[in-house]
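Welcome! Please take a moment to look over the sequence and the 3D structure shown here before reading on.

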Amino acid sequence: MSSTVDVAEVSLTRPPLTADEIDVAAQRISDIIEPTPLQYSPRLSASTGAQVYLKREDLTAVRSYKLRGAYNLMVQLTDAERAAGVVAASAGNHAQGVAFACQAMGVRGRIYVPTTTPKQKRDRIRVHGGEFVELIAVGETYDAAAAAAADDVARTGATMVPPFDDPRTAAGQGTIAAEFLEQLGTAPDLVVVPVGGGGCLAGIGTYLRERAPGAGLLGVEPAGAASMTAALVASGPVTLPEIDPFVDGAAVRRIGDLPYQAAASFGGRVVSHASLPLLTTTESPTGTASFRMMQVDEGAICTAMLDLYQNEGIIAEPAGALATAALAEIDIDPGSTVVALVSGGNNDVSRYGEIIERSLVHRGLKHYFLVDFPQEPGALRRFLDDVLGPDDDITMFEYVKRNNRETGAALVGIELGATDDLASLLHRIEESPIQAERLEPGSPAYRYLT
């Protein structure tokens with residue numbers, strides 16, 4: 001495992017939220033939100049050498065933790081604010097929380113989501129909101145939906161319900177920490193939290209700093225949308241020029257101001273890998289165990305999703321598997337107690353084809369080649385006989401174009417029986433008279449053709 005590489009020291013500021021506010025929020029939402037299970041994971045405990053517990057936020061009424069923040073905010077609105085109606089922007093999970101709260105409280109709402117929001121999430125928003133909610137799809141990212149929602153508020157005077165950049169929302173998310181500390185009966189050594197807009201990290205981190213200062217905190221972002229990491233490196237929120245929207249629940253171009261301020265107040269480091277044990281309470285500049293941020297590749301997230309489904313029977317969406325994906329990439333002190341947040345389970349079954357594909361590529365089992373086949377009888381048969389190994393399989397074959405009358409370029413996807421089989425496959429391709437070019441994942445040609 002790679003050693004820790006510090007990218008930036010995080011500056012210290014006064015936290016924008018308190019544990020007392022989170023305790024009040026826990027009481028406020030207790031009449032509508034039941035505590036979610038804290039489930040011991042034998043598989044992850046065996047693979048890490050730690051005692052790993054999963055906080056099952058995928059088992060809330062809306063299958064994510066977002067109901068906590070949405071309800072905590074909306075229940076505090078004045079009569080005038082409720083009468084004006086509410087507006088929210090979301091990639092899907094916060095929208096479900098707002099929709100649920102709208103119907104429970106009899107408040108009218110308009111919810112903006114990106115056009116890329118999976119159908120499963122859109123359908124559930126309509127179910128939870130019923131007649132009280134209008135769903136509007138606009139733009140390809142959360143940020144585009146957020147801009148449309150802000151314009152709505154400016155035009156109509158409706159009340160905004162922010163998904164992460166509001167102390168009431170973050171306090172609601174922080175109730176997760178109050179729950180698992182009570183369920184565990186002691187402070188864990190490490191808490192792993194997925195990070196999108198940062199409200200959940202702000203709430204949980206704030207509560208731990210005051211109620212369990214010995215607990216280490218690890219925030220995990222998708223590599224294609226690392227907005228908190230960018231903010232901590234730049235000492236302030238920045239807008240990412242582009243993001244990968246695949247981890248839709250955590251694909252945010254710009255981290256919230258409040259979550260950034262909270263993270264900065266924790267002290268700690270941005271790292272390439274999180275090597276544990278973390279800083280001791282005497283080593284940390286805040287007098288607490290350390291806070292660190294790391295990124296996880298989208299393919300690793302897909303692998304974690306499949307592992308959760310096949311082993312624990314947990315249906316996790318991409319953002320919901322961020323924390324468990326990180327466990328495969330960090331060194332944890334044997335015997336440590338770890339809490340990993342399964343933040344959401346709103347995954348559209350139609351996405352599993354892409355999930356399996358990304359996982360295979362990440363694990364080194366799926367590779368793509370541009371192959372120039374001579375347009376003559378037996379060319380494909382020779383390729384199969386001379387190049388493929390006994391456990392290799394062609395999973396895709398598609399002619400791209402015909403360069404001339406003699407040859408034709410084909411996109412060929414090959415799935416290996418084992419990762420170590422790649423070297424022998426490349427050797428056989430080199431020895432073959434048929435010309436083949438391997439497409440590197442992430443390259444422009446790879447993205448365009450696959």
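Here is a short briefing on salt bridges, domains and cysteines.

Keep in mind that this is a predicted model, in which local features need pLDDT of at least 70, side-chain atom pairs count only at pLDDT 80 or more, and totals for chains, interfaces and linings use all residues. Residues are numbered from 1 along each chain as its sequence is written, and side-chain values use heavy atoms, with hydrogens and water left out.

**Salt bridges across the structure**

- Searching the whole structure turns up 21 salt bridges; a salt bridge is a side-chain nitrogen of Lys or Arg within 4 Å of a carboxyl oxygen of Asp or Glu.
- Some of these contacts join up: a network of salt bridges links Lys55, Glu57, Arg68 and Glu179.

**Two pairs within helices**

- Lysine 119 and aspartate 123 form a salt bridge, and their closest N and O atoms are 2.7 Å apart.
- These two residues, lysine 119 and aspartate 123, sit four residues apart in helix 6 (residues 119–129), so about one helical turn separates them.
- Helices here are DSSP runs (H or I, at least four residues), numbered from the N terminus.
- Lysine 119 is exposed, at 56% relative accessible area, while aspartate 123 is partly exposed, at 30%.
- For these words, buried means under 20% relative accessible area, exposed means over 50%, and partly exposed lies in between (1.4 Å probe, protein chains only).
- Arginine 381 forms a salt bridge with aspartate 385, with 3.7 Å between the closest N and O atoms.
- Both arginine 381 and aspartate 385 belong to helix 15 (residues 379–386), where they are four residues apart, about one turn of the helix.

**Another pair to find**

- A salt bridge joins the side chains of arginine 438 and glutamate 440, at 3.9 Å from N to O.
- Arginine 438 is partly exposed, with a relative accessible area of 29%, and glutamate 440 is also partly exposed, at 43%.

**Domains**

- The protein chain is assigned domain 1 (19–64 + 166–355), domain 2 (86–157) and domain 3 (364–448); such bounds come from an automatic or database domain assignment.
- Taken over C-alpha atoms, the centres of domain 1 and domain 3 are 40 Å apart.

**Cysteines**

- How many disulfides does the structure hold? There are zero disulfides, a disulfide being a pair of cysteine sulfur atoms within 2.5 Å.
- Cysteine 102 is buried, at 0% relative accessibility, and cysteine 302 is buried with a relative accessible area of 0%.
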